[in-house]
Amino acid sequence: MRDIRIGSPALASRLRKVIRGEVLFGAFDRGRYSTDASIYQIEPIGVALPKDTEDVEAAIAVAREQGFPIIARGGGSSQNGQTLGEAVVMDTTRYMNQVLDMDPAAGTVVVQPGIVLDELNRRLKGSGWHFPVDVSTSANATIGGMTGNNSAGTRSIKYGIMVHNVLEIEAVLADGSRVLFGEVPDDADGAPRRLGELIEAMRALYRNNAEEIALRVPRLLRKVGGYNLETLGEPRQNLAKLLVGSEGTLGFFTRIKLKLHRIPKHRVGAICHFARFYDAMDTTRFIVELGPSAVELVDRTMLDLARQIATFRATIERYVKGSPEALLLVEFAGDEQAPLLASLDRLEQMLGDHGRLGAVVRMLDPKSQGEMTAVRKAGLNIMMSMKGDGKPISFIEDCAVPLADLAEFTDRLTQLFHKHGTEGTLYAHASVGCLHVRPILNMKEESGARKMRAIAEEAFSIVQEYKGSHSGEHGDGLSRSEFHEKMFGERLVRAFEAVKDAFDPRGLLNPGKIVRAPKMDDRTLFRYKPGYGGLPIRTALDWSESGGFLAATEMCNNNGNCRKFEAVMCPSYQATLEEKDVTRGRANSLRLALSGQLGPDALASDQMKETLDLCVACKACRRECPVGVDVSRMKIEFLHHWHARHGVSLKSRLTAYLPRYAPVASRLAPLINLRNSARPLAMVAEKLTGMSAKRTLPAWRRDVYRAAPAKRAGKEVVLLVDCFARYFEPENARAARAVLETGGYTVIEDGSARPLCCGRTFLSAGLVDQAREELTRLVQALGDRAGAGVPIVGLEPSCLLTLRDELAAVVSEGPVRAIAQQAMLFEEFMAAEARRGALLLPWRKNGARKAYLHGHCHQKALGTMPDVVAALQLVPGLSVEVIESSCCGMAGAFGYEAEHYDVSMRMAERSLLPAVRAAPPDALIVADGTSCRHQIADGTGRRAEHVARVFASALQ
């Protein structure tokens, strides 16, 4: 092969001439594609995003000519390094993500490799069919990646794994042939030449190795190691099955035909509690005899970690009784509910017969089932939320053994971990004897690699004793390929090599996987290579809770949960489908910069600015990322360093210093507001300020809100009026005060000439020192009352919730914790007072009316949405429907900026604006965020109200 250097400009130029998709050879792009969810990190030559099969063929033709490898990549969530290598990585998720054909009569669908599983099932919705190989990463795993890995899922006991559900694969081979692999006719003479050659070669290979295959290949459902040689001997031979699980080493998949299954009409679930882990494993075989569609394990470690994560805490507290050592989540599915309920009865009886009366919590409704399923599906991310350098590491991740041996096998693994001075986590697919087993190791240290090697060798020996599989779901990649000879024997490994050489004689496609693999403990291939460490950086924010800024970025395990679509996280990725715009891509870029791998000045570079440019600081990753990667806060830190090197732009100053110049601007309101009514002025202003002429800007008011003296009544409440309510929408502040006073509260306000400020605008611009000045002033002013338990009530979510989130990272002295505890949004306060029976408001008798509620991103991120709904439901006659949406796209100043206008509107059009347009004309539209209300008005012409005004208008 010709020596092609990493990042080669000449190769990038050549590829741009022959493919229509993007070619990304920059250092930041290469860094983002150098990792997956494994422990490995290998910098690729470059990255390409093919638009279609013709692009794939063109790229492979250049690879064949110049001798560089090609790696196909989907969601990048593989746990064994399958999509890593010094090659041109071709990401199919941006463009090759369509459903090409669906045959409802036959129950089949043809898709491109980059389509995500959940997206496929969304498109099948309403047809009565679904694709049921439900991997836990279904929100970001692609069908191409699942086919390459031979993935399974929670319900494999009922539906099988990918090899049982893939009917045909169209692939481009290394020699440029485009071949459709499927069922092989008895007489292959009429097949295309290349296909015919492969049919004959594979038939001969099977004939020569049939006895060895029968002897050495585990007879288990969960066997995905090596190539699927056993399928060559099936009565109806299908070469697509050989490509399933081949990890992109045999061909580049371009079309995949899948077998669909009918969606069961009913599901019921049960949570089975066990005081001893061994008993849970030993009981599994008896549960399986009852015919469940799934039996999933959750261990004590996972439960304890889940309780520490806001997204899952309430679910665990609601459904888990006491402190069990293990849970088994059992599901029965079918078209009639009565037999399913009878199965639950038999389950309870069986457990009772084993001395476990009362061990079952039934889950009969979709909501409870979905909530517990979400905990189990997040298992990997929950486990990886462990703080510190020791993490549960994937390398014996999915060994599978017969169910009769499962209890003894897991007990021996635990003893093995103790022998090497560590613990392990165990969870997942108990029904098929395939558990996700992860020893806790520090891979930054050489001792971690040594322990990994020793544990792997001993664990695989134990697997052999039980005639099990060392690779039961997540493929081979870099972690397990070298062990094939130990597990399958030399003869089958030579057969694997013969398969590879028949399809790809020059080794151009994903070399080093399945055959001729490197050592799994080669530390030069690790994410944390020898000598890994951080650059000396003085941070503006306090990162001690995370162990430092670098450690905060390292929390990203690259699982790719942030690439999902039905969530708030990550709105910019949902709009662009670019890896640089997703939480994972940003965290990776920051980690590489902070550790010096992108050069000494990468943190404040133009490339880092581009990486973080579309982050709208929604904070969704803070809540929805199970390991709590908070890119919003990281962006504040980045902007601080950017301004320190490059200075502060006029646009940033206009946003950041708004609270300082607002008193003067409000006096000039009529003059400044002319910009909104005169397009020429708007266009001139765009050139001067960067604010889009396509937008109206918030209108300044002369009748600004001014604090009034307190009317002594009952309980004291501090009303913290933000600058947006004060200078742009004073009616919201007046409404809030009126409601509070009507309820009998003594409203305390800051009456100083310079109003208190939360520092939000400064933080958004990265001006941390100025934010610290404002927040310190606020702490000094409100600290005593907060310490006395007086609620601090605010209106604008992004402002008030700063006190609960960033305050402690900005200000280190004073009663910071007390202020955070007392800070409440208006609707939180209303809901809390109502719960304790203290809210006394004279409501008018209103007729029935419906409110459509859009939640501000920070309300969602900090878990306040239930109280927004609860508060609105206090209004007589008002019913509430929450609009399921991500960020509105305005995000403070983001959507006003000309450079961000288009992407802002794409975010809004994903769900929010269509939902508002579809709402009845007489419906209320409610949104507490000032920028959210503006986006709704701009995009639909509808006026949205703050909850405070809804309350005020409903009082007598």
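Helices are DSSP runs of H or I with at least four residues, numbered from the N terminus. The structure is a predicted model, in which local features need pLDDT of at least 70 and side-chain atom pairs count only at pLDDT 80 or more, while totals for chains, interfaces and linings use all residues. Residues are numbered from 1 along each chain as its sequence is written, and side-chain values use heavy atoms, with hydrogens and water left out.

Helix α25 (residues 631–646) holds both Phe638 and Trp642, which lie 4 residues apart, about one turn of the helix. Relative accessibility is 1% for Phe638, which therefore counts as buried (under 20% relative accessible area, with a 1.4 Å probe and protein chains only). Trp642, at 11%, also counts as buried.

Across the whole structure, 16 aromatic pairs are found (rings of Phe, Tyr and Trp, the last by its six-membered ring, with centres within 6.5 Å; planes over 60 degrees apart count as edge-to-face). The ring centres of Tyr227 and Phe496 are 5.9 Å apart and their planes stand at 85°, so this pair is edge-to-face. Because Tyr227 lies in the loop between α7 (193–216) and α8 (240–243) and Phe496 in helix α19 (residues 490–503), the pair ties together parts 269 residues apart in sequence. Both Tyr227 and Phe496 are buried, and together with Phe488 they form one aromatic cluster.

Glu554 is located in helix α20 (residues 549–554) and, at 10% relative accessibility, counts as buried. Its side chain makes a polar contact with that of Lys444 at 2.6 Å (a pair of N or O atoms within 3.5 Å; within protein, one must be able to donate a hydrogen and the other to accept it, and residues adjacent in sequence count only if both atoms are side-chain atoms).

Terms used:
Helices (H or I, at least four residues) and strands (E, at least two) are DSSP runs, numbered from the N terminus. Buried means under 20% relative accessible area, exposed over 50%, partly exposed in between (1.4 Å probe, protein chains only). Rings of Phe, Tyr and Trp (its six-membered ring) pair if their centres lie within 6.5 Å; planes under 30 degrees apart count as stacked, over 60 as edge-to-face and the rest as tilted.
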